[in-house]
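Subject: Structure for your files

Dear colleague,

Here is the structure I said I would pass on. My notes on its salt bridges, pockets and surface follow below it.

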Amino acid sequence: MRGSHSSVFDSELYSSLFTQPEMKQIWSDENLIRCWLEFETSVARVQAELDIIPDQAAEEIAATCRSLNVDWPRLATETRSVGMAIKPLVDQITDAGTPLVKKYLHRGCTTQDLLDSALAIRMKQTLQLVRGQLIELGDALKSMTLEHKTTVMVARTNSMDASATTWGLQVSSYLSELSRHIQRLDFLYPTAITGLFGGAVGNLASVGHQGMETRKNLMTALGLSTPVGMMNASQDNVVQVVQFFALVHGTLCRIANDVETMGRASIAEVREGEGGGGSSTMPHKTNPRASNMIQTLSRMGWTYASGATNLLDQQDVRAASMRVLNWSLIPESALTLSTSLERACRLISHLVVDKQRMRDNFNASKNFIMSESVSMKLAEKIGRDRGYNMMKKLLKDADGSQNLQQLALNCDPIRETLTEAEILAACDPSSYLGCNDALIDETVAFFDSVRNANR
């Protein structure tokens, strides 16, 4: 029925704000069933290759899985009774299959083998999509970094005007974090895509002496990492991914915070350029909706990261109660990150940067933020302490009628130490950018190296 969905991830009103199409497909029921059918087909094929079951049985299992017309109402009803959807699906395959299918389907498997292996398959799909999105956002940030390499602006620390920098250097700091996230993803990827095949209690007893070979060949067939030892009670590899997502959210939220702050009318150095965000009552107002949604999604991601450690609350060979949490926690955490990455990429690609306003905003402090520059120039001739104190006194006695350059040119102690040309140069923001270009160059090179790294 229209309007009956209660989750923002499926809501007709809100789902477009909280979901990214490719990621939503990865975590759909349709893809879940596809993964389970792939598992059953693959394990039968591997067992046939090892002469554990007849070749004909593997062929008929594969054919039945390919042609299976899933009875979704029956599957839902039986899942409600059983508590897990694996047995109800196996029953449907069995009912649709030949005598060989009925005899050899699901041989040596347990429910958890399918649950965890399907999770690993979808985790693989998820991380591949996320890596592509990180690269797409990185490319946009790199482009903006290089375009604004010399765009001078006020650097702010603790929300206060501090000194001079460039918008390119500021953006490169986002790019640097993003590059480290790609490195982290590549590091955790092999562990995150670890499948499972162990039978009822994880010791492969139901497969016999060929259990280890079956497991290895099955994981190869599924494109997954082979577990080391018994992993039935272990979810640390899954938790690590959700915690990693939280780190990426941190970078995205930082970008959103900066854009939101710098877009205020009193600063007006950047503004969102996608359009939309209008107020229902104030015609002049355009709200920073991209930044707002990224901030919201980040908070959701951090909530999932906080809750993910509950998956580690296990005992004995395995326990179902905490593991069931990953049915909602993992898909939702993946959706929020993917959606935020997509929104961040659009935000950066459409961002309007006002270079002149960035330069004009030095006037907000009457260029007093260049005091360190003048102080360091004085330090070259009379020492850091004397130079600092000279500037401190000059600014303390200022009445606000003159900017820094005028104050310095009219200050006898400073004029006795520095020439007019030296004072003018020290008050020019573009002369006090330090290693701006080198820092940007090494950040871009770092991104390029991780971007093109082979897993």
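Arg74, Glu78 and Asp95 are linked in a network of salt bridges (a salt bridge is a side-chain nitrogen of Lys or Arg within 4 Å of a carboxyl oxygen of Asp or Glu). The structure holds 18 salt bridges.

Before the rest, two notes on the source. This is a predicted model, in which local features need pLDDT of at least 70 and side-chain atom pairs count only at pLDDT 80 or more, while totals for chains, interfaces and linings use all residues. Residues are numbered from 1 along each chain as its sequence is written, and side-chain values use heavy atoms, with hydrogens and water left out.

One of the salt bridges joins Lys149 and Asp441, at 2.7 Å from N to O. Lys149 lies in the loop between α8 and β1 (152-157) and Asp441 in helix α21 (residues 436-451), so this pair ties together parts that are 292 residues apart in sequence. Helices (H or I, at least four residues) and strands (E, at least two) are DSSP runs, numbered from the N terminus.

Glu380 and Lys377 also meet in a salt bridge, at 3.6 Å from N to O. They are three residues apart in helix α16 (residues 371-382), and therefore separated by about one helical turn. Glu380 is exposed at 59% relative accessibility, whereas Lys377 is partly exposed at 25% (buried means under 20% relative accessible area, exposed over 50%, partly exposed in between, with a 1.4 Å probe and protein chains only).

The largest pocket holds about 680 Å³ of space. A pocket here is an open set of points on a 1 Å grid over the protein atoms alone, where a 1.4 Å probe fits, with protein on both sides within 12 Å along at least five of seven lines; lining residues have an atom within 4 Å of a point. Of the 26 lining residues, Trp27, Asp29, Leu32, Arg122 and Trp327 are the closest to the centre of the largest pocket. Helix α14 gives the most to this lining, with six residues.

The second largest pocket has about 410 Å³ of space. Its lining has 15 residues, and the closest to its centre are Gly263, Arg264, Val270, Arg271 and Thr286. Both α11 (236-262) and β3 (270-271) supply at least two residues of the lining of the second largest pocket.

Regards

Conventions:
Grid points are joined across faces, edges and corners, and a volume is the space filled by probe spheres set on the points.
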